[in-house]
Amino acid sequence: MALSLSPCLSYTTYLSKPFCTSKSTPANITLNQNYPLVSFKPVNLRNSHTICHAATDLRSTSASPLDNQSKGEGDDHNKVLLGPSSEEESKGDRVVADYNWTEEWYPLYLTKDVPDDAPLGLTVFDQQLVLYKDGNGVLHCYQDRCPHRLAKLSEGQLVDGRLECLYHGWQFGGNGECVKIPQLPSDAKIPRSACLKTYEVRESQGVVWVWMSQKTPPNPEKLPWFENFARPGFQDTSTIHELPYDHSILLENLMDPAHIPISHDRTDWTAKREDAQPLLFEVTERTDRGFAGWWGREKDGSLPNFLRFDAPCVLQNNRELVDKDGEKHYFTGLFLCRPTGQGKSMLIVRFGGTKRSPLAKIFPKWFFHQNASKVFEQDMGFLSSQNEVLIKEKVPTKELYLNIRSSDTWVAEYRKWMDKVGHGMPYHFGHSTISPPKQPAVVEHAPAGLVAGVSASLPAKGGIGTMHAPNLANRYFRHVIHCKGCSSVVKAFTAWKNGLSAAALVFTALAILASSRQWKTFLLVSATLCLGGVYACSTAIAMNTTNFIRVHRRL
């Protein structure tokens, strides 16, 4: 999935084609330096050269039979593949930026989906956190570890607004102090060391953010703010997904518009494989905290879409359209990624705009949510295998990738940014540098029992009748448990399914006992309608909990 449009656009559905799906009236826009979001000015390239400097070193630098090829063929080779994006890179010099991954705000969760009655276990890289709301609705975040015997507090419960460890019942207040130890004598005081390591959290524009540093005070200037989301009339559809591959691979995927027509062919009526084509890119900004630029379809000769990546893992794609009445409408695809450990990540997806499509009003929100899950499942096999290769090969991406100018500019830019700051991360895979994880990944939530084992062995199916099996390849586990709306919908459809099934049995029994032909007909028709309702409810439940499987992979 990458750079898809939102349901607010009049000519698309949720998670459809990139922002370049149609030719639009160019709009003049001014950059606003105070916000990470900017407005746009489409660049006409019909009579100008395309600026496409980005990344990968060419592999033809080593001696080989290719050295004897003609100069013209070599020029074609250079036109296709991305080359050095800076003078330093051309000379082989490495630029290193001052960076510390803990001194950043990371997106934890959608505010609306934080449970009101239970703690929530989350991770940032390998740091385990617990997030919860106290009795006054105030958010608190601690290290997910009881100081008594290291039990996970996220496995505990809330008692009168306090967080209780379910191992021995120790309770903690809002500042992380221990307020109750059931086993403590009445005349003894709670030890001062019985406290929790706390983390600063902030709620902004519907998202909960956490500052990971324990040494440096939170920097409010680094807290992301998205201008379009503050515009009057702006509405968005937001989903959250847990995914079984590294956050860097996820970000690559999200900033790759070229794969959408192929990987997501016919996901809706706008993504079509026959629309795969060369793209144009112009990088307009490179800093220690990210990069930005414009992109569009080569055949359109303009760059109507603006992409921005900001450290540590915020990606947005924006577009401005002008309607026939001259009114401007703003649209944003926002991706907030959080590294959750080796080979794992969590993503908050937010698509919105100041103008919404009528389709967004017709279809329920859960329909768009399940469609988003479907899009991620279409890419999951590719990205998981990519993750495995990077871990196994242990070489920089320039030794593995063949980045093309007309499709991979953003991917190359991102890996080069990792070269600059990767030394300040727990691990990284850059364009020219690499720092593999020092310790093997810890496998948590291991399935137990025969049925769960079968579910885990068939990730492509999402399990056999075991949607609750803790498996990141399972749609229920990846999305539904994190989304209050979809969780409620599944529960409601399940209740209706059970009720209608019971009603169908009752009507069928009464039809057997009835002596009148008219009553028999009425009762059998009623039973048939109930069974139709059962089928509809089953379909809705399956749409929310069953993984998408490509036709040629189905049994």
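Modeller: The bend at a residue is the angle between two axes, one fitted to the seven residues ending there and the other to the seven starting there. Helices (H or I, at least four residues) and strands (E, at least two) are DSSP runs, numbered from the N terminus. This is a predicted model, in which local features need pLDDT of at least 70 and side-chain atom pairs count only at pLDDT 80 or more, while totals for chains, interfaces and linings use all residues. Residues are numbered from 1 along each chain as its sequence is written, and side-chain values use heavy atoms, with hydrogens and water left out.

The part to follow is helix α6, which covers residues 365-393, in a chain with 11 helices and 19 strands. Helix α6 has 29 residues and spans 41 Å from its first C-alpha to its last, close to the expected 42 Å, a value found as 1.5 Å times one less than the number of residues. At Met380, α6 bends by about 45°, and just after the helix Lys394 takes a positive phi of about 55°.

The structure holds zero disulfides, a disulfide being a pair of cysteine sulfur atoms within 2.5 Å.
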